[in-house]
Structures are given as C-alpha cells and as structure tokens.
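Please look over the model shown here, with attention to the ligand site and to one of the helices.

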Amino acid sequence: MKQKIIVTGGCGYIGSHTVIELITHQFEVVILDDLSNSNIKTLDRIEKITGVRPIFEEIDLKDTEKTKAAFSKHADAVAVIHFAAYKAVAESVQNPVMYYKNNFFSLLNTLEAQLQEGIHNFIFSSSATVYGNPKTLPITEENEVQRPFSPYGNTKKIAEEILEDIVKANTGFSSISLRYFNPIGAHTSGDLGELPNGIPNNLMPYITQTAAGIRKELQVFGDDYDTKDGTAIRDYIHVVDLADAHVKAVKRLIHKEQEQALEIFNLGTGNGYTVLEVIQSFEKITEKPLNYRIVGRRAGDVPALYASTKMAKEKLGWETTLGIDDMISTSWKWEENLKNE
Ligand code: UFG
C-alpha cells in the first residue's frame, strides 16, 4: 500500500515539483488547489513526467466546510505538505488584508481539518524572509527572526508561531517548517516550470522573459550595496533540489525521527550570487545578450542572504546536487518550451 500525502497548492511552482518527487518515491498524492495562481494543465505535465496522474480536488481552502470534507475523504493520508498561499511581496504590501485572509484562513482550515481526521504530520512552506536583514552570514536556523518587511513575509513568520502553539497543544502532532531561500529553475525534462501570472516579480522569470522578448528590459534593482559588484546577493536553489528536501522531511516525520515536535530547516545551497553574476551566467549559458539597466534599489530588499546548510545536511540528510548553471539552463529550456504551448 502506498502512503498517501495531501499536498495543498500542488499545482503551483514548488508544489508541482514536489508532487513529482513524491510520486517518484512511491507515495500516493492528493492535490488540493483552487487554481487561483496555477493551471489545471499542470496535472497533465505531472502525468507526462511520472506516468501517474495525482488525485486532484479543486478546492478553496478558505472554505472551512469544503476543506473538512476533502480531509474526511482522504483521512487515510499520513502527512500534509502545505504550499497553498499567496506569495507576491509587492502585492501583499498593496493588499495586506487579502494576504492575511488567504494565507491564514487556508492554514488554519487545513490544520483544523487534519487534526480532526487525526493526520499528525505537517510540513510548512516558509521563507528566508523571516530573517529580515540578517546580522550575520551565512544564516543558521539560530539566527534571530525579525518582523519581515512585507505582509507576505509576516504571514510566514506568524504561521511558524501558530505551529509552535499547535504542536504544544496537540500531543503527537509534528511539524517541519522549511525556510526556502530563492527557488529557481525548472524540471530537467523542460515539461514543468514556473508559470508567473502577469509581470514577474522575481529575478529569474524576469530574465528569461526578457531574453524571450516578452519584456523589453530587465531592471537591476540597485548597484550600491556593499557586495563585490554592488548588486544584491541571494542564495538561489534549484526547485528540484528543493522538492527533494520535502520528500526527506516527509520521511523524517513519518518515521518519527524528529527531535522536536516543530523543527525548522533552511533550504539553500550555501552559495550567494549577485544579480550581475546571475545575468552573466545566463548570458554565458544561453549565449544570448540580456538587455538590462541598473536602476534604484527596490523597497524592502536586503543586501545579502545565504543559508547555512549544515542543519539540513545533518538532520534531513539532504544536500543540493544542482548548481547555478543547471538552474539557468532548465529555466531557459522551460521558457523556450512555453513558446510552443
Ligand atoms: N531583482 C532585480 N530585478 C528584478 C527582480 C529582482 O534586480 O526584476 C533582484 C532583487 O532586487 C534581488 C534579487 O534580484 O536582489 C532577487 O529578487 P527576487 O525578487 O527574485 O527574490 P527576493 O530575494 O526578493 O524574494 C525571494 C522570494 C520571496 C521571499 C524572499 C525571501 O521571492 O518570496 O526571497 O528573502 F520572501
């Protein structure tokens, strides 16, 4: 019998790559997704890559009763991976109510429904944004958590606090919160990748869309940071490596290997790249010159973020295998494939 995992937001960017890794590792997957920021075609893509079509329930997790009904139907699940959330930083600054409502209603309905069904393992999609502007680098899980700049980021910080309370109150309930650094890249097949809605906010989709002629030019936000070339440093991580960490986390929970009821892990490579280094690598790998221009800093950006990977390596037994060149080449392959859609 395959073990069943419920994946909320499983049609999204990180969710869909995780579904592939789960299926590859012989789990049965149930996706709960309202398709508000994802596409039903993702199910075809997952099936093409794995040969298996995951079970799919179209459901808005803000709806308490429908969420309970979905969990009751899949009460035999052994764990939940919760990706479903809004994630655009600037949009959250414009519309905090929408962000707090969506991200917390979905989180709380999911937790309530799974507790009711006795599903005791929960993996949460968190973010390095909870470290704010870190005082020391690389960032370990012991680094101080700060009030994030954006309402989006704050939903991640508060969600982790909610989880602290929930594991205390519910004996046997275990959770792992995964703090992602900067996920980029696409499935190596070229059949699955990020589908940003409208104008991308993030660097890599903006780069590939500019190179593809969809956007006129890339704006590089600031070249006056205290870094080697003045542009900001981030820890980019391949989405397939990130997905693999979720499988490791699921197994750790199922096999009851966790040392605390709530564990937190950074997911990054430990390597920081500046914006200009990413652009240069892109130009080298694709042999396409990129039209870019330096402009002022973007509000809320911090100069440098990169992870200490020690804890994830020691406790999850997880290490990244794909480097910046793989991240760029797969992102570009996906962008080129999208043209033929
Ligand atoms: N950048 C540009 N031009 C662009 C887009 C981005 O120069 O058009 C720069 C940014 O200023 C930043 C770097 O590229 O220095 C990376 O920017 P992203 O928007 O790709 O990623 P962020 O680091 O800003 O944000 C990401 C996630 C958030 C998460 C945050 C945690 O998108 O969800 O990391 O730090 F909150």
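**Ligand site and a helix**

An oxygen atom of the ligand lies 2.8 Å from an N or O atom in the side chain of Asn202. This is a predicted model, in which local features need pLDDT of at least 70, side-chain atom pairs count only at pLDDT 80 or more, and totals for chains, interfaces and linings use all residues. Residues are numbered from 1 along each chain as its sequence is written, and side-chain values use heavy atoms, with hydrogens and water left out.

Q: Which residue has an N or O atom in its side chain 2.7 Å from an oxygen atom of the ligand?
A: Polar contacts are pairs of N or O atoms within 3.5 Å. A polar backbone atom of Asn201 is 3.5 Å from a ligand oxygen. The side-chain atom at 2.7 Å from an oxygen atom of the ligand belongs to Arg234.

Q: How far apart are the end C-alpha atoms of helix α5?
A: Helix α5 covers residues 96–117, which is 22 residues. The expected span is 1.5 Å times one less than the number of residues, so α5 should span 32 Å. The end C-alpha atoms agree with this, at a separation of 31 Å.

Key
Helices (H or I, at least four residues) and strands (E, at least two) are DSSP runs, numbered from the N terminus. A polar contact is a pair of N or O atoms within 3.5 Å; within protein, one must be able to donate a hydrogen and the other to accept it, and residues adjacent in sequence count only if both atoms are side-chain atoms.
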